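Colleague: Could you walk me through the ligand and metal sites of this model? I would like the cut-offs along the way, please.

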Amino acid sequence: AKAAGGNQVAIYTEEDAAQLHRTEELRTLLRSAPADNELMLYYQPVYEAEGRLRGFEALLRWQHPQLGLILPAEFIPLAEQGGQIVEIGEWVIREVCGMWGRVRDKGHMDLIVSVNLSPLQLAANDFVEALQRILIETSMPAECLEIEITESILIDSGKRIYNVLEQLREMGIRIALDDFGVGYASLTYLRRLPLHTLKIDRSFVQHIGEQHAETAIVRSMIALVHELGFQVVAEGVESAEQLALLKQWGCDCYQGYLLGKPMKEEAIGALPVTLESV
Ligand code: C2E
Ligand code: CA
Ligand code: CA
Ligand code: CA
């Protein structure tokens, strides 16, 4: 439906219209998705440098009976706009804590599970209380829970967010800065935040070994993170060459398709506690 006659500029293409239609449809369907048990978690393993299983990152999926599998990049923004993200995020944390207990009972001791947090969750007034309640109800040790935040959390949030993060730290929860390097990376944040872990974004890891700039950047990032006293996790490790370089530079932990794709909880039992290839 292009209407580009005369001076008029085409605003909509048919693709745009279809996309718009899907977005509106998802927006509506999302309202009932949690109650209809359509949301589920996949878990991607994270390994330490010696090959020991460190734990998992929980990744949300939406399995819709007609539309199929919908990825978080598409529906999380809608859940944020629609205000459901706080409720969904709480469900994610509760689910992850339950999963931790079940996996421990099967012999995987002391694993760290990581949960992605929307800035809106951290900003909610009762976040700390809600989290405390979940930890108690699920008997989850705080030290085994890691929350992943992104730099966007810090942009327009004031001192309150720092206080919330400080409270979480005092509870014993680990805090990871996700997608390190892509955002508004200011070294000031790094000094001010109560962090345990930094996750180097896949967009950097992807090109190490091929592109000189990326290679130098990742190597320097690892050194910087260590100077600051944090642990460093490389995301999106897809090749043996990337793994070898990261190991050579002293990276602490690795996550990526080379080591394991996101999987359902049922598949975790079969995972080796140490991976020979790391
Ligand atoms: P993220 O936190 O950066 O998560 C890593 C993404 O990279 C995941 O995509 C994962 O499946 C993918 N990935 C991992 N290893 C590889 C690899 O080797 N190669 C490639 N090409 N990709 C890899 P996913 O699951 O689609 O999640 C996308 C984003 O959605 C996440 O990015 C995170 O920001 C957000 N997200 C996921 N689950 C949640 C959640 O429970 N709550 C919130 N607020 N956001 C979530
Ligand atoms: Ca993440
Ligand atoms: Ca990430
Ligand atoms: Ca990323």
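Modeller: Happy to; here are the ground rules, then your questions in turn. This is a predicted model in which local features need pLDDT of at least 70 and side-chain atom pairs count only at pLDDT 80 or more, while totals for chains, interfaces and linings use all residues. Residues are numbered from 1 along each chain as its sequence is written, chains are lettered from A and ligands numbered from 1 in the order in which they are written, and side-chain values use heavy atoms, with hydrogens and water left out.

Colleague: Which element gives the most residues to the shell around ligand 1?

Modeller: The shell takes residues with a heavy atom within 4 Å, and 21 residues are around ligand 1. Elements are DSSP runs numbered from the N terminus: helices (H or I, at least four residues) and strands (E, at least two). With 4 residues, the top contributor is strand 2.

Colleague: How far is the polar side-chain atom of Arg61 from an oxygen atom of ligand 1?

Modeller: Arg61 is among the residues that come nearest to ligand 1. A polar contact here is a pair of N or O atoms within 3.5 Å. For Asn116 the distance to a ligand 1 oxygen is 3.0 Å, and for Arg61 it is 2.8 Å.

Colleague: What are the protein donors of the calcium ion (ligand 2)?

Modeller: Donors are N, O and S atoms within 2.8 Å of the metal (3.2 Å for Na, K and Ca); water is not among the atoms, so sites may look incomplete. The protein donors lie 2.1 to 2.3 Å from the ion, and they are Glu57 (OE), Asn116 (OD1), Glu148 (OE) and Asp178 (OD).

Colleague: Which residue bridges the calcium ion (ligand 4) and the calcium ion (ligand 3)?

Modeller: Asp178 bridges ligand 2 and ligand 3, which lie 3.7 Å apart. The calcium ion (ligand 4) is coordinated by Asp179 (OD) and Asp201 (OD) at 2.6 to 2.7 Å. Ligand 4 and ligand 3 lie 3.3 Å apart, and their bridge is Asp179.

Colleague: How many residues apart in sequence are the parts tied together by Asp179 and Asp201?

Modeller: Asp179 lies in strand 6, whereas Asp201 is in the loop between strand 7 (197-200) and helix 9 (202-205). The pair therefore ties together parts whose separation in sequence is 22 residues.

How values were computed: Polar contact = N/O pair within 3.5 Å; in protein donor to acceptor, adjacent residues only side chain to side chain.
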